[in-house]
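User: I am new to this structure. Please show me how to read its features, step by step.
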Amino acid sequence: MGEQQDPFAAALIAQLPRLRRYATALVGNAGAADDLVQDCIERALRRSSTLQDPRRMAAWLRSILHNLHIDEVRRRRDLTNGIEITEMDNVLSIAPEDRGASIDFLRAFHGLTPEHKQVLLLAGIEGLNYREIGEELQIPIGTVMSRLARARERLRSAVEREASFSPAAELDSVKRIKQ
């Protein structure tokens, strides 16, 4: 005879793939994302009584994960800024010719504020609409819209800036000069 699984545990387990994807996009490294997800699950288990609506478990878990990430960023603020290029193989499985553009994008993304990263991830990775993002973050829809617009603009500008300083861009300019 099989054991009945706790409904909370079953719902928590069902959220793991999405939570890991969100964490990986947030921190840019699979190993760090796994650590963050583990810390999130530990906190969620300790504080399971604070989940008022089980239908909102995904948002509740993302909120816990995001707060843990912000705490870690604040702790490491003086130690480092940016991402380790050597660790990007954990995140990227792309063709070598596209790797430079991906590195530029990741550097630009990780240069955004936590608030901008959060709305971009909720809209782009999780596929939430403005209303759902507003509810999850407990901010007005207008704030969601403006944060998302600013985040996209800053990301676009940063990617363009990164790309203009990349070795590939320098090589292209040298080739044009020689012609």
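User: Let's start with one side chain. Is Trp60 buried or exposed?

Analyst: This is a predicted model, so every value here is computed from it. To judge burial, look at relative accessible area: buried means under 20%. Trp60 has 14% relative accessibility, so Trp60 counts as buried.

User: How many aromatic pairs does the structure hold?

Analyst: The structure holds one aromatic pair. A pair of aromatic rings is described by the distance of the centres and the angle of the planes. Here the rings belong to Phe8 and Trp60. Their centres are 6.2 Å apart and their planes stand at 70°, so the pair is edge-to-face. Phe8 lies in helix 1 and Trp60 in helix 3 (residues 57-76). The pair therefore ties together parts that are 52 residues apart in sequence. Phe8 is buried as well, with a relative accessible area of 18%.

User: Which other residues of helix 1 are buried?

Analyst: Besides Phe8, the buried residues of helix 1 include Leu12, Gln15, Leu19, Tyr22 and Ala23. Thr24, Leu26 and Val27 are buried too. Take Ala23: its relative accessible area is 0%. Ala23 and Cys40 are 17 residues apart in sequence, and their C-alpha atoms are 10.0 Å apart in space.

User: How do I read the length of helix 1, and where is its kink?

Analyst: Compare the span with the expected one. Helix 1 covers residues 7-27, which is 21 residues. From first C-alpha to last, helix 1 reaches 29 Å, close to the 30 Å expected at 1.5 Å a residue. A kink of about 45° lies at Leu16, shortly before the proline Pro17. Just after helix 1, Gly28 takes a positive phi of about 80°.

User: What about salt bridges inside a helix?

Analyst: Start with the geometry. An α-helix has 3.6 residues a turn, so residues three or four places apart point the same way. In helix 6 (residues 130-137), Arg131 and Glu135 are four residues apart, about one turn. Their side chains form a salt bridge of 3.0 Å, N to O. Arg131 is partly exposed at 41% relative accessibility, and Glu135 is partly exposed at 41%.

Helix 7 gives another case. Glu153 and Arg156 are three residues apart there, so about one helical turn separates them. The closest N and O atoms of their salt bridge are 2.5 Å apart. Glu153 is partly exposed at 37% relative accessibility, and Arg156 at 40%.

Conventions: Residues numbered from 1 in each chain as written. Heavy atoms only, no water. Helix = DSSP H or I, 4+ residues; strand = E, 2+ residues; numbered from the N terminus. Expected span 1.5 Å × (residues − 1). Bend = angle between axes of the 7 residues up to and from the residue. Buried < 20%, exposed > 50% of the residue type's maximum accessible area, 1.4 Å probe, protein only. Phe/Tyr/Trp six-rings, centres within 6.5 Å; stacked < 30°, edge-to-face > 60°. Salt bridge = Lys/Arg side-chain N within 4 Å of Asp/Glu carboxyl O.
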